[in-house]
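Here is a short report on pockets and charged pairs. Look at the model first, then read on.

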Amino acid sequence: MGSYACKICDWRDGDTCQVSVDIVNTDLGFRVTLYRVVRIFGINAPEVHSKDIGEKARGIAAKTFAESLAPDGSVVIVRSAKEHGQDKYGRWLASILLGNGKDFAVEMTMAGHALPWDGTGVRPV
């Protein structure tokens, strides 16, 4: 794993996005673009598709705030760690550094759009 410059494709909710990463090998003369769904490690945001009306409203607000921090097309640094790997849905567990160098999870938590969560135990909402 490691750190990768990635482009935000879209936000699924406040803690999950799709990114693209270009892999270029100038020696061999090829370029490959990979698309990955990233689950932000260390936080949990309310669900956009919740049946609970209150949670759904908070989820939409969290997604909107995430989009304001890293709009579609913006370049971010995605840092993954071998010990995190993937979640049960196959999403890449990683942190995101924004273009201004700030940590996405910290910004979401400080703004009240996410709660700290390490992926174990009861998921906070």
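## Ground rules

Helices (H or I, at least four residues) and strands (E, at least two) are DSSP runs, numbered from the N terminus. This is a predicted model: local features need pLDDT of at least 70, side-chain atom pairs count only at pLDDT 80 or more, and totals for chains, interfaces and linings use all residues. Residues are numbered from 1 along each chain as its sequence is written, and side-chain values use heavy atoms, with hydrogens and water left out.

## The largest pocket

A pocket is an open set of points on a 1 Å grid over the protein atoms alone, where a 1.4 Å probe fits, with protein on both sides within 12 Å along at least five of seven lines. Lining residues have an atom within 4 Å of a point.

The largest pocket has 21 lining residues. Nearest its centre lie Arg 39, Asp 87, Tyr 89, Arg 91 and Trp 117. Strands β1 (3-13), β3 (30-40) and β4 (42-44) each give two or more residues to this lining. β4 supplies the largest share, three residues.

## Salt bridges

A salt bridge is a side-chain nitrogen of Lys or Arg within 4 Å of a carboxyl oxygen of Asp or Glu. The whole structure holds four.

Arg 39 pairs with Asp 15 at 3.4 Å, N to O. Arg 39 sits in strand β3 and Asp 15 in the loop between β1 and β2 (16-25), 24 residues apart. Both are buried (under 20% relative accessible area; exposed is over 50%, partly exposed in between; 1.4 Å probe, protein chains only).

Asp 87 and Arg 91 also form a salt bridge, at 2.6 Å, N to O. Asp 87 is buried, because its relative accessible area is 17%.
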